[in-house]
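Here is a friendly walk through a two-chain model, written to be read with the structure open beside you. Please keep the viewer at hand as you go.

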Amino acid sequence: MESAKYVSQKISKTRWRPVSYSSLQQPDIFVTGSWDNEENKVSVWSIGNLGSSGLEDGFEGDPQLICEQKHDGDVLDLQTMSICKHWARAHRYPSDNAPSTGVACNSPEIVTVGEDGRIIVFRADQEGVVRVIENADSSTLHAVTYLRTTEVLTVNSIGQLKLWDLRQQSNSPSQILSLSRDRVPLYCVDRHPNQQHIVATGGQDGMLCVWDVRQGNMPFSLMEAHSAEMWEVHFHPTNPDHLFTCSEDGSLLHWETSSPSEMPSFLQGGRNSNMTSRSAMAPAGGNQSIISAWLHGDSSKSRLETTHMLPSQTLSVNSLDVLGQCLVCGTDGEAIFVNRQVPV
Amino acid sequence: MEEVDVEPTVTNIPEIRHGKHMGFAWGPGDILVYETHFKPSGYTLSGPGGSFIHKVRKDEDINSPILRKLFNESHHIFVGLQTINDDLPSKSKRPQFVSISRNYRSVIRACMEELQQVAVSTRDTEKGTQYGNQVSILLAIELIWNLCEVLFIDAAPAGSLLLHLLDWVRLHKADVDEKAKDVLQSDSPAEHHNYWDVVVSYVLQGRLEEARQMLVKQATLQPASRNMYKLMDSLLSKMPFYNPGGTQTLTEFDVKWRNWHEEVDRYLKDNTFASNRHLELICKILVGDEDTLLEQKELLSTWYHFLVTRLLYSHPTVKPTDLHYYAQSCLTMFLDSRSVQEPLDSILLAAFEFDIYLVIKDCSIVLNNWWFVAHLTDLLDHCKLLQSHNLNFGSNMREFLLLEYASGLFTHHSLWQCAVDYFDHCPELGRACLELQIERVPLDTERKALKVLRICEERQMSEQVRSICKIMAMRALRNNRLGSALSWSIRAKDAAFATLISERFLQDYCAKGTFSDLDLIDNLGPAMLLSDRLTFLGKYREFHKLYGEKRFKEAAKLLLSLMTAKIAPRSFWMTLLTDALPLLEQKEVIFSADQTYELMYCLEELTSSLDTAASGGERPMQEEDVEQTKVELLRLSLARNLAMAIVKEGTVET
């Protein structure tokens with residue numbers, strides 16, 4: 001069950017500290033970043049491992065503050081890495097500093113994007129900037145994620161997804177995708193953990209879009225999710241049939257999709273070479289079993305269940321992170337919610 | 001001007017030198033103060049003036065991180081309260097209101113405990129005293145709120161009233177339990193020096209069961225007085241307490257109680273307990289003897305404890321309406337000539353007199369923050385306890401207090417988001433206040449601007465939406481982020497700004513010869529229709545694309561339509577015609593005869609208007625020459641094209 005901990009700071013980002021997959025431990029440490037304070041902080045919290053599963057409700061100890069660190073300006077994005085460095089003034093306008101809005105890590109490389117439309121690449125072991133893509137976008141880049149080790153995907157204020165190949169020296173994207181209708185600004189993007197061509201985005205109108213980057217210019221499916229801006233979208237890292245979104249309207253949704261065929265979802269995947277051998281076993285759904293459950297534009301073919309995860313109406317939920325069975329989210333009501341028994 | 005209720009407090013500004021004149025300016029929640037150069041006559045103080053501006057703020061609580069939790073949690077409760085269904089009559093909603101009141105109180109207690117922990121553990125003495133002060137204020141607030149809950153919200157009738165008041169007193173006199181714990185943990189509790197204090201305190205609070213358990217320990221030590229202790233024990237066990245859920249009526253209870261009271265009185269008059277002064281004391285308390293109770297001032301420590309104890313042992317069936325007689329007399333009796341009546345005492349007295357307005361007014365004066373009065377008044381209003389008491393400017397008291405509180409919140413760099421909900425629930429002036437305040441929230445990042453915009457859009461505040469979008473768009477434009485600027489003007493549906501942006505693009509093109517930000521122009525989509533200039537920009541880019549793909553006929557058609565449909569601004573026609581030149585000069589005839597006529601018409605229109613403009617204006621000779629050459633080139637190409645077109649159209653293909 002959810003319990004709110006009030007922390008006297010509006011939370012803009014929260015992330016679990018990663019645990020290795022080999023140990024079956026549940027994550028117990030998370031980091032939050034605040035915003036809109038005169039002095040913003042990055043704080044590390046622990047929810048203490050109370051050991052066994054004897055307790056019925058996941059309502060164990062409140063998060064306890066371990067340490068905190070001052071931060072200039074609002075914390076707009078967080079990623080966990082094992083090294084810490086500080087690059088100042090990376091994003092700027094001609095006369096002023098520009099806010100940096102998103103960061104993605106693929107150790108040891110770090111990519112950041114900002115309101116100045118630049119993409120900047122750093123390396124954890126180097127002091128200076130490795131590469132700058134100037135004027136990558138004429139509008140603000142809101143989020144960035146790694147698609148493959150050499151490719152990143154960015155979303156911007158005019159509703160476009162741009163694919164960048166970092167091996168190439170050119171300053172233009174290798175691919176641009178956008179909705180053919182209104183150019184609604186996109187604020188978040190996340191890649192499917194196993195199938196690298198599937199990407200989910202959320203934007204100003206609260207619609208959840210799932211895209212197939214290989215095919216065409218159009219999103220594969222559009223789902224009405226929230227009544228206000230969607231701030232974050234996350235696939236569950238180990239169980240990608242589950243997706244989580246959070247929004248300005250104060251709700252956190254848990255999306256669960258189940259595929260039409262009887263085959264468990266981990267057997268389905270983008271391995272087209274196995275199509276012939278599988279079709280003998282495939283039910284009437286035919287080769288749809290190869291396509292991930294997320295790419296079904298027609299919701300009658302796959303069942304999609306949505307549940308609200310927060311008990312009551314709150315101010316905007318700015319950020320969420322999910323790892324294993326644990327979900328943490330932070331709101332503008334200066335509260336952190338931790339749920340340790342997410343049904344995945 | 002009205003009389004001032006209390007003397008205003010004086011605050012010294014440390015940096016400003018003594019004797020200097022200060023200037024000031026009001027802000028939304030504070031005052032800016034500075035030193036002036038004004039020298040009254042005969043003053044010789046000289047030297048450089050102070051160069052600081054001081055910000056003087058009345059309310060420090062808003063910046064305390066622990067109290068912030070109070071503001072946020074109570075905001076949550078407040079919003080929940082507003083959404084309670086109004087269909088049901090207020091009687092059946094009473095338990096809900098009581099539980100909401102308890103929620104508020106538990107939030108106050110949680111804050112208090114946290115503050116207490118910090119106050120104890122901090123090493124900075126100044127901060128320690130500050131925290132200590134905040135704790136005592138919160139204690140007082142909770143005390144008042146609890147009493148208001150008992151008297152106003154729960155509105156217990158005679159009989160249960162006393163029980164509730166007993167609970168109230170017990171909750172706020174925690175030191176008895178601490179003392180009792182000490183005594184019980186000692187080796188011989190009955191010989192502990194606080195033993196009798198604990199027993200008497202239990203009796204004063206009506207906790208007779210616990211008193212009996214303690215007395216048993218004493219009884220075992222004094223076997224000789226066993227009978228006396230047994231008697232006392234039976235008296236204590238027989239005292240009747242009213243049971244609201246039971247079948248007994250109030251009158252029946254009253255009769256029973258009087259019988260018991262007479263019995264105790266008889267034992268007292270018979271001097272049954274005369275040999276043991278402690279038991280005699282307890283007996284006198286049970287009888288409700290005022291002088292004895294007054295002697296226990298130290299154990300009672302407050303006049304309201306005295307009041308409740310006195311009522312318990314002399315008028316347990318007290319009616320709410322009679323409460324204030326006893327309250328006033330108890331207060332007078334308890335305070336001797338040395339102690340003065342404190343603000344808290346007058347507030348509690350006002351509560352006992354059921355004068356809600358006086359309670360709220362006194363609280364507003366004493367506290368430096370509107371939090372308490374705003375939330376309490378709102379809850380009381382929901383219980384329909386406040387008749388609409390109109391103030392000078394026409395809105396009722398609840399709304400006034402909520403507006404004051406919310407305006408105070410708005411000055412905080414972070415809590416302004418909570419304040420929005422408060423404004424929403426002030427029907428008369430809330431919206432207007434919100435409109436004024438929301439425009440003044442500083443917009444440092446896009447994300448903050450987006451949140452503010454969402455607030456405005458949800459409430460259909462289109463003026464504010466347009467103004468905020470314009471601010472962000474101008475900022476983007478100044479930083480040369482044309483795409484951002486365009487997305488802001490699309491959101492505001494601001495056609496004028498979109499036109500401005502398109503002009504910038506076109507200027508860039510004229511200056512550099514190529515388009516910048518192709519990713520934006522190529523993908524305008526339906527946004528193109530926002531402004532004519534934007535449409536032109538999109539179409540012009542399309543023309544370039546068609547030309548690049550060598551689809552000359554379509555390109556030509558598009559180019560012409562841009563001029564004839566008057567989508568292109570006049571100032572750009574020259575450029576368009578110049579773009580037509582390569583098409584005219586192609587070996588293949590691209591423009592038909594009709595099209596060529598139209599082009600010529602356009603050229604004539606352009607030159608005639610240019611002439612009229614040129615005759616008045618001063619243009620350098622070189623520019624005029626260039627223009628003249630261009631026009632002549634065009635005329636030549638058009639003529640040649642016309643010739644070829646006529647020939648081609650007139651030829652019959654064989």
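## Where the chains meet

Between chain A and chain B there are 6 salt bridges, a salt bridge being a side-chain nitrogen of Lys or Arg within 4 Å of a carboxyl oxygen of Asp or Glu. Before going further, please note that this is a predicted model, in which local features need pLDDT of at least 70 and side-chain atom pairs count only at pLDDT 80 or more, while totals for chains, interfaces and linings use all residues. Residues are numbered from 1 along each chain as its sequence is written, chains are lettered from A and ligands numbered from 1 in the order in which they are written, and side-chain values use heavy atoms, with hydrogens and water left out.

One pair to look up is Lys451(B) with Asp332(A), whose side chains form a salt bridge at 2.9 Å, N to O. The contact draws 50 residues from chain A and 38 residues from chain B, where contact means heavy atoms within 4.5 Å. About 3,700 Å² is buried between the two chains, and carbon and sulfur atoms give 45% of that area. Buried area here is the accessible area (1.4 Å probe) that two parts lose on being put together, summed over both.

Which residues does Asn37(A) touch, leaving aside its neighbours within four places in sequence? They are Ser8(A), Gln9(A), Arg68(B), His413(B) and Ser414(B). Asn37(A) sits in the loop between β3 (29–35) and β4 (40–46) of chain A; helices (H or I, at least four residues) and strands (E, at least two) are DSSP runs, numbered from the N terminus. With a relative accessible area of 14%, Asn37(A) is buried. Buried means under 20% relative accessible area, exposed over 50%, and partly exposed in between (1.4 Å probe, protein chains only). Ser8(A) is 29 residues away along the chain from Asn37(A), and their C-alpha atoms are separated by 9.8 Å.

## Chain A and its strands

Chain A has 1 helix and 24 strands. Of its 344 residues, 56% are buried. Among contacts in chain A with a separation of 6 or more, 52% come from residues 24 or more positions apart.

On one side of the story, β6 (residues 100–106) and β7 of chain A pair in the antiparallel sense over 6 bridges, and two strands pair if DSSP finds at least two bridges between them. These two strands form a hairpin with 2 residues between them, and Ala104(A) has Val111(A) as its bridge partner in β7(A). Next, β7(A) pairs with β8 (residues 119–123) of chain A, again antiparallel, over 5 bridges. Thr112(A) stands opposite Ile120(A) in β8(A). The β7(A)–β8(A) hairpin has 4 residues between the strands, and there Gly117(A) takes a positive phi near 75 degrees.

Over all chains, the structure holds 45 salt bridges.

| Salt bridge | Closest N and O atoms |
|---|---|
| Glu149(B) and Arg105(B) | 2.6 Å |
| Asp254(B) and Arg258(B) | 3.4 Å |
| Lys269(B) and Asp265(B) | 2.9 Å |

Glu149(B) forms its salt bridge with Arg105(B). This pair links distant parts of the chain, with Glu149(B) in helix α3 (residues 125–153) and Arg105(B) in helix α2 (residues 90–121) of chain B, 44 residues apart. Glu149(B) is buried at 3% relative accessible area, and Arg105(B) counts as buried at 11%.

Asp254(B) and Arg258(B) both lie in helix α9 (residues 250–269) of chain B, 4 residues apart, about one turn of the helix. Asp254(B) is buried at 18%, whereas Arg258(B) is partly exposed at 47%. Lys269(B) and Asp265(B) are separated by about one helical turn because they are 4 residues apart in helix α9 of chain B. Lys269(B) is exposed at 62%, while Asp265(B) is partly exposed at 25%.

## Two loop residues with positive phi

Most residues other than glycine have a negative phi. Asn480(B), not a glycine, has a positive phi of about 65 degrees. Asn480(B) is found in the loop between α22 (462–478) and α23 (482–491) of chain B, and is partly exposed at 46% relative accessibility. Lys566(B) has a positive phi near 60 degrees. Lys566(B) lies in the loop between α27 (552–564) and α28 (573–584) of chain B, and counts as exposed at 53%.
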